[in-house]
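Dear colleague,

Please find below the structure that I am handing over to you, together with its sequence.

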Amino acid sequence: MTTLSHDDARRIALRAQGLLGAPDRRDVTAARWGSPRTESGGVSARGDGGRRAGVRGMLRRLGAVQLDTISVLARSHELVPYARLGAVGRPGIEAAYWSANGHGAPHSFEYWSHAACILPIEEWPHFAFRRRAYRARGHRWHVMQDAARSCAAVLDRLRADGPLTTSELGGGRKGGEWWDWSETKIAVERLLDTGEVVCTERRGWKRVYDLAERAVPADLLHDDLGDTECLRRLVAQAGAAMGVATRADLADYHRLKAGQVDAVIEDSGLVPVEVEGWGRPAWADPAALATPPRGRHRTALLSPFDSLIWDRPRTERIFGFTHRLEAYVPRAKRIHGYFAMPLLAGGKLVGRVDPAREGTTLVARQVSMNGPKAVRPMAEALREAAAWVGCGSIRLERCDDAELAAALRTELVRVSG
């Protein structure tokens, strides 16, 4: 059995996530639409996390990019490619995720994976097990007064009028609360869960629904994969996306159950390894073991919903870094801020910042750094982020160390000069 050092495992995880090795100018250009050199073949043959294939290649490599309503610098699904590809234009990111101006087959769809996620359209068959489970369950938490009639009405509208948002379908929230859904909203979300409709685009943050039979390519539109095969493919994909992982890591990636992972792990193609300091069984992608991970590290601010760190126990195990999203914590009880973004530099997590925007000023509301060596990467990351979102200046409000705060202000002047 292969034994990996703690640092080996960390570098393998970074490379698998597309964060070991820096993109060049051609990568950023290709990121708008996906490079024709690798677009048809999926993941780049270079083993670089799909950077030369742009946003679409990155999505295929990660297998899932989480969506969330919070927007500080940008929404989380924009921050994920930004961390890997650099300052890719935000309109280009959206265009790369979804269909090119609505023409041709979609490149992705939205469904329940780790959470609500953008998924490569090629993964549609792999979630048949979850669609079947929703059909058997009947509903999530909302109950319709007349399910058959309401679902039929939604399908008829989509069939007649093409892709529509909930409001265009004539439904939404009955009241002001997010959970107070109308009958139409409940119906279309149930149809999404069961796979009769699909979301292949977000328009103004609203889901755009279409008939799955019309939107999903015919060679993918089937639910004939058995549950075991679906799970085997998802565990294999999660293992490749993480490089090396424990059973709990593999389960968390697409929110599977531990027993589901156990049932397919031996047939997944992943190989058992031992990792120094982990103290539990682990599995690795054979391709990740074949070539030692090397290359330049990205320096970037990470969304709290980035797949590198969305599993908090894994983050602590790999990076020795404890991170919690405090957006839903009362202000007085927050330690690091509303949307604290970890700083990745040199392949390690060396600080965090809670950012905000005021006009054309990027505000670092609260900053913490592990020591003097984190000052320059923090300044560079803030400068790059400010330029990406169109901010011409940076203001530091608070830092938990007075000496580091002074050094950061000096460095911000230097990198902005």
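Buried here means under 20% relative accessible area, exposed means over 50%, and partly exposed lies in between, with a 1.4 Å probe and protein chains only. Helices (H or I, at least four residues) and strands (E, at least two) are DSSP runs numbered from the N terminus. After H1 comes Gly18, with a positive phi near 75°.

As to conventions, residues are numbered from 1 along each chain as its sequence is written, and side-chain values use heavy atoms, with hydrogens and water left out. The model being predicted, local features need pLDDT of at least 70 and side-chain atom pairs count only at pLDDT 80 or more, while totals for chains, interfaces and linings use all residues.

An open sheet of 4 strands runs in the order E1-E8-E9-E7, and its pairing is mixed. Strand E1 (2–4) and strand E7 (244–246) are the edge strands, each pairing on one side only. On average, neighbouring strands of this sheet are turned by 40° against each other, direction ignored. Such angles run from 0 to 180 degrees between N-to-C directions, the axes being lines fitted to C-alpha atoms, for helices over the stretch in contact.

Within this sheet, strand E8 (residues 271–275) pairs with strand E9 (residues 282–284) in the antiparallel sense over 3 bridges; two strands pair if DSSP finds at least two bridges between them. Val273 stands opposite Ala282 in E9. H1 packs on the sheet and touches E1, E7 and E8, its direction making about 90° with that of E1. Contact means heavy atoms within 4.5 Å.

**Helix H4**

Helix H4 (residues 76–85) is mostly covered, with 10 of its 10 residues buried. Among them are the charged residues Glu78 and Arg84, as well as His77, Pro81 and Tyr82. Gly86 follows H4 and has a positive phi, near 90°.

**The E5–E6 hairpin**

Strand E5 (residues 197–203) pairs with E6 in the antiparallel sense over 6 bridges. Cys199 has Tyr209 in E6 as its bridge partner. The two strands E5 and E6 form a hairpin with 2 residues between them, and Gly204 in the turn has a positive phi of about 60°. Strand E6 (residues 206–211) is largely enclosed by the rest of the structure, because 5 of its 6 residues are buried.

Trp205 is found in the loop between E5 and E6. Although Trp205 is not a glycine, its phi is positive, at about 70°. With a relative accessible area of 22%, Trp205 is partly exposed.

**Two further residues**

Most residues other than glycine have a negative phi. Arg255, a residue other than glycine, has a positive phi near 55°. Arg255 lies in the loop between helix H12 (247–253) and helix H13 (258–264), and is partly exposed with a relative accessible area of 44%.

Asp227 belongs to helix H11 (residues 227–242) and counts as partly exposed at 39% relative accessibility. Not counting residues up to four places away in sequence, Asp227 touches Phe129 and Arg132. Asp227 and Phe129 are 98 residues apart along the chain, yet their C-alpha atoms are separated by 4.9 Å.

**Cavities**

The structure holds 2 cavities of 30 Å³ or more. On a 1 Å grid over the protein atoms alone, a cavity is a set of points where a 1.4 Å probe fits but cannot get out, and lining residues have an atom within 4 Å of a point. The volume is the space filled by probe spheres set on the points, which are joined across faces, edges and corners.

The second largest cavity has a volume of about 30 Å³. Its lining consists of Arg56, Leu59, Arg60, His107 and Pro120. Helix H3 (residues 54–62) gives the largest share of this lining, 3 residues. By class, the lining has 2 nonpolar, 1 polar and 2 charged residues. Ala, Val, Leu, Ile, Met, Phe, Trp, Tyr, Cys and Pro count as nonpolar, Asp, Glu, Lys and Arg as charged, and the others, Gly among them, as polar.

**The chain as a whole**

The protein chain has 17 helices and 14 strands. Of its 417 residues, 57% are buried. Among contacts between residues at least 6 apart in sequence, 65% join residues at least 24 apart.

With kind regards

Key. 1 Å grid on protein atoms, 1.4 Å probe; cavity = no way out; pocket = protein on both sides within 12 Å on 5 of 7 lines; lining within 4 Å.
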